[in-house]
Amino acid sequence: MQTVKTLFLASASLCICSLSLQAEVKTYDFEDPKGVNNVSFLLDAPLESISGNAKGVSGIVTFDSTNPKAVSGTITIEAASLTATNNKLQEHMLGKGWLDAASYPEISFVAKSVSKVEELKDGFKAQLTGDFTLKGVAKELTVPVTFTYLPRMLGKRSNGAMEGDLLVLRSTFTINRSDYGIKPGQNLDKVAEEVELRLAIAGAAPDA
Amino acid sequence: MTDLQRIRSSLFCLILRILALVLILASTVFWIYTGKHVGFSKDRVEIPQVDPITQIEYVDYEERFVLGVEYLALAYGLGVTSFGLSFVLRQKAK
């Protein structure tokens, strides 16, 4: 009888443990009606650097705060949302010769694996490997990423409309435009080959 | 050259010099007024913001024209050309 009781208790506690672990895995939606999520780009050019911003960010990321290595998901940027401070520059940038936003409307990053995880006070720092697609060309990239986990902060952000958690993703990395077929070897005197991308986005996981 | 032609020529030279002065002064004043931007012209201005919950830094844009140095250089070039032309014409009139 004692053995049965022990077995029952052990299996019950295992169930509770697995349930609590399951509860840590959440799906975060990065669609942001507030217009805060953004990806900025910076590249060298004569006289002054060219910079701009994209706010058309969306995507779904599954994140387990107890096991950050299990992160998966996709972040997508609407190419047409790329904004520069000069209309002519923006027109050129989105035009056929450069990004061709009409033919390639999305820029995306699909997470495949996580390595070199370092725990921080309110999250994790890691190297995220995934497929980065720009102008229809997909290349595997490993980028440094910081995950900031903000439990129970969705209510505060949505003024109480929803309760849940927030996940902030930050990353800064550099790509070569020629790797993605953007005027390879051309206009190097006007626009640098390297483009720095800075990503700062927050995803929301509302309570079920 | 008659006196009337000489007066006309002097008047034209004076107009060219005034035009040069107006071009240089107006472009400088407008450049200072729109923010003394040492770069190319902007059609919108970035306003840095920080989200209070996530601490994400982002920019909002204000649709406002900022004069860049390319227009300033063009105005200065036209001004100097106009000023120089007035001297050339004056020499010819003499």
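These legends describe close-up views of aromatic rings in a predicted model. Residues are numbered from 1 along each chain as its sequence is written, and chains are lettered from A in the order in which they are written. Local features need pLDDT of at least 70, side-chain atom pairs count only at pLDDT 80 or more, and side-chain values use heavy atoms, without hydrogens and water.

**View 1. A:Phe63 and A:Phe147 form a stacked pair.**
Over all chains, the structure holds eight aromatic pairs. Rings of Phe, Tyr and Trp (its six-membered ring) pair if their centres lie within 6.5 Å; planes under 30 degrees apart count as stacked, over 60 as edge-to-face and the rest as tilted. Here the centres are 5.2 Å apart and the planes meet at 20°, so the pair is stacked. A:Phe63 sits in strand β4 (residues 57-64) and A:Phe147 in strand β9 (residues 137-150), so the pair ties together parts 84 residues apart in sequence. Strands are DSSP runs (E, at least two residues), numbered from the N terminus.

**View 2. A:Phe63 also pairs with A:Tyr149.**
This pair is tilted, at 6.3 Å centre to centre and 50° between the planes. A:Tyr149 lies in strand β9, so its pair with A:Phe63 in strand β4 ties together parts 86 residues apart in sequence.

**View 3. Ring pairs link five residues into a cluster: A:Tyr28, A:Phe63, A:Phe124, A:Phe147 and A:Tyr149.**
Buried means under 20% relative accessible area (1.4 Å probe, protein chains only). A:Phe63 is buried at 1%. A:Phe147 is buried at 2%. A:Tyr149 is buried at 18%.

**View 4. B:Arg17 lies over the face of B:Phe87.**
The distance from the ring centre is 4.4 Å. A charge sits over a ring if NZ of Lys or CZ of Arg is within 6 Å of the ring centre and within 35 degrees of the ring normal.

Definitions and conventions:
Helix = DSSP H or I, 4+ residues; strand = E, 2+ residues; numbered from the N terminus. Buried < 20%, exposed > 50% of the residue type's maximum accessible area, 1.4 Å probe, protein only.
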